[in-house]
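Please keep the sequence and the model in view while reading.

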Amino acid sequence: MTTNNIHDLTRSADDVVIVGGGLAGLFCALKLAPRPVTLISAAPLGQGASSAWAQGGIAAAVAEGDTPEAHAADTIAVGGGIVDQAVALGIAREAAPRIHDLLAYGVPFDRDLEGRLAVGREAAHSARRIVHVRGDGAGAAIIAALGDAVRRTPSIRLIEGFVAEALLTDDGAVTGLQLRAAGNFAARPILLTARTVVLATGGIGHLYAVTTNPCEAGGSGLAIAARVGAVIADPEFVQFHPTAIMVGRDPAPLATEALRGEGATLINGHGERFMAARHPLAELAPRDIVARGVFAEIAAGRGAFLDARQALGARFADKFPTVHASCIAAGIDPATQAIPIAPAAHYHMGGIAVDDRGRSSIDGLWAGGEVSSSGAHGANRLASNSLLEAVVYAARIADDIAGRTIPSPARLSDVVTPHGGAPDTAAVKRLRTLMSAHVGVIRDGDGLAEAQRSFAALEREATSIAVRNMATAALLVAASAWNRRESRGAHFRSDHSADVPALAQRTMTMLSAAREIADGLTERPTSRIAQPMIA
């Protein structure tokens, strides 16, 4: 059932409220049926969700000879020493059942000539275990199938076009949400009673000037949870996809990693391959290493390009139609031309800290998908594990909630911010520029300090709650990156370029700690010594 009537928003206090229309939100809503669910999506289903744009597919040990144990081992090997090994193994073991769930919902995964699921290989996987849809269309196909299923499910009330801009709590428990019509900053905020909330709002990519993520991925879910005291895990670990297509679009189109799995190479403007000298796996090295390699070629003025001319040539359009369409629209024929690329903010390993059932530290608040941090990815996500984690945790959250009795409605507090206020476009541009320049592929203490001072000031002074939430999320990332005085996984500090074995632990922090660090930097602009903010 779909409704956009704001008078219906407070219809029931018994519903489970899910915020987010991406893979985790849709899958969780379907798994909860026939229990009543209210699903809130800022954009129409199929739009505004990073999962809809995912090209790589879903990692699952479904091929003969492959095992969940091997999948988990690959995940752990890439994760920079801080992957929760039990979590990684549990997710890998639940992969096959979740793939079959998706098939039952109508997802048309590619099959081989014998009718078995076709599997491809991507970076740092020891086996071919990525299930795709038409090569590079998995995300769109999955979201389309699940969106159709959601619209057909009577127990799901779908509310499109509203943004959750604040969580409401009382005595450490969720009591509701503050919503506002998306894009209508002058609209009156609406309070929705909710004692059981699932945040599935996606990542933080749009905090960066160069990103593959939709504009909805601005860290709002991370921010609203942090503002009510939720524990935040690993916020400093941001994965940069090494092969965003640089054709002047925001967000930047993505050239899927599967292209390199099929033999495409990375070259500079002189036509020279540069990754073989950096890592034994060359183009199929872990993403952080490839991203830094691409970044170095661009910084040196040589440029970076993805070359599929020999590997695919005329087969490009049929095998990777999404990437082909993006290139053609920009005047590039990837069958005969190398594709200009650059690293772009792509995936956040950090997020709201959750346990193995998706529970946050706030009573009544669950989180799934990219907004959460389960420990599965550590410091560097293994390719195509993100969609898998989303469906596994969405199912676990649904199971955890299914048998629970929702508490009686609570009296809602006053609105957090009566007036939304139009975002200051200059402030947003500066925030995104600072994130790319100082909290990006390569970081250092001075740049991180400058970023924190700017984000803390913006968080205090912003008149727009949307901008304030962006600043909150940015501050969490920058403060933890400043505090981790080492390089690990996707977090690389040029002033602390080695890993420190004693810091091989996950970060557990809160917004109050991030603000304290920023305040200290404001009082003493020069570098200071601080203990790692690590649990």
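Arg315 is partly exposed, as its relative accessible area is 45%; buried means under 20% relative accessible area, exposed over 50%, and partly exposed in between (1.4 Å probe, protein chains only). The model is predicted, so local features need pLDDT of at least 70 and side-chain atom pairs count only at pLDDT 80 or more, while totals for chains, interfaces and linings use all residues. Residues are numbered from 1 along each chain as its sequence is written, and side-chain values use heavy atoms, with hydrogens and water left out.

**Surface charge**

Arg315 sits in the loop between strand 14 (304–307) and helix 10 (316–319). Helices (H or I, at least four residues) and strands (E, at least two) are DSSP runs, numbered from the N terminus. Together with Arg121, Arg128 and Lys319, Arg315 forms a positive surface patch. Patches are made of residues with over 30% relative accessible area and no salt bridge, like charges being joined within 9 Å and nonpolar side chains (Val, Leu, Ile, Met, Phe, Trp, Tyr) within 5 Å.

**Buried elements**

In strand 1 (residues 16–19), Val16 and Ile18 point one way, Val17 and Val19 point the other way, and all are buried. Strand 1 pairs with strand 2 in the parallel sense over four bridges, where pairing requires that DSSP finds at least two bridges between the strands. Within this pairing, Val19 stands opposite Ile40 of strand 2.

Helix 7 (residues 220–227) is mostly covered, with six of its eight residues buried. The buried residues of helix 7 are Gly221, Leu222, Ala223, Ile224, Ala225 and Ala226. Just after helix 7, Gly229 adopts a positive phi of about 95°.

**Backbone features in loops**

From Ala33 to Pro34 the bond is cis, with omega near 10°, and Pro34 belongs to the loop between helix 1 (23–32) and strand 2 (37–41). Asp250 and Pro251 are likewise joined by a cis peptide bond, with omega about 0°; Pro251 is in the loop between strand 12 (238–245) and helix 8 (258–261).

Asp234, a residue other than glycine, has a positive phi near 50°. Asp234 lies in the loop between strand 11 (232–233) and strand 12 and is buried, with a relative accessible area of 1%. Ala282 also has a positive phi near 50°; its place is in the loop between strand 13 (265–268) and helix 9 (287–299). Ala282 counts as buried because its relative accessibility is 10%.

**Salt bridges**

Side chains of opposite charge can pair when their charged atoms come close. A salt bridge is a side-chain nitrogen of Lys or Arg within 4 Å of a carboxyl oxygen of Asp or Glu. The structure holds 29 salt bridges, including those tabulated here.

| Pair | N to O distance |
|---|---|
| Glu236 and Arg484 | 2.6 Å |
| Arg302 and Glu297 | 2.7 Å |
| Asp355 and Arg357 | 3.9 Å |

What is the accessibility of Asp355? Asp355 is partly exposed, its relative accessible area being 28%, and Arg357 is partly exposed at 36%. Salt bridges with shared partners also join Lys31, Glu94, Arg98, Asp101 and Arg396 into one network.

In the pair of Arg302 and Glu297, Arg302 counts as partly exposed at 34% relative accessibility, whereas Glu297 counts as buried at 6%. For Glu236 and Arg484, both residues are buried.

Note on methods
Areas by Shrake-Rupley, 256 points an atom, 1.4 Å probe, with all protein chains shown as cover. Lys, Arg positive; Asp, Glu negative; His and termini not counted. Charge placed at Lys NZ, Arg CZ, Asp CG, Glu CD.
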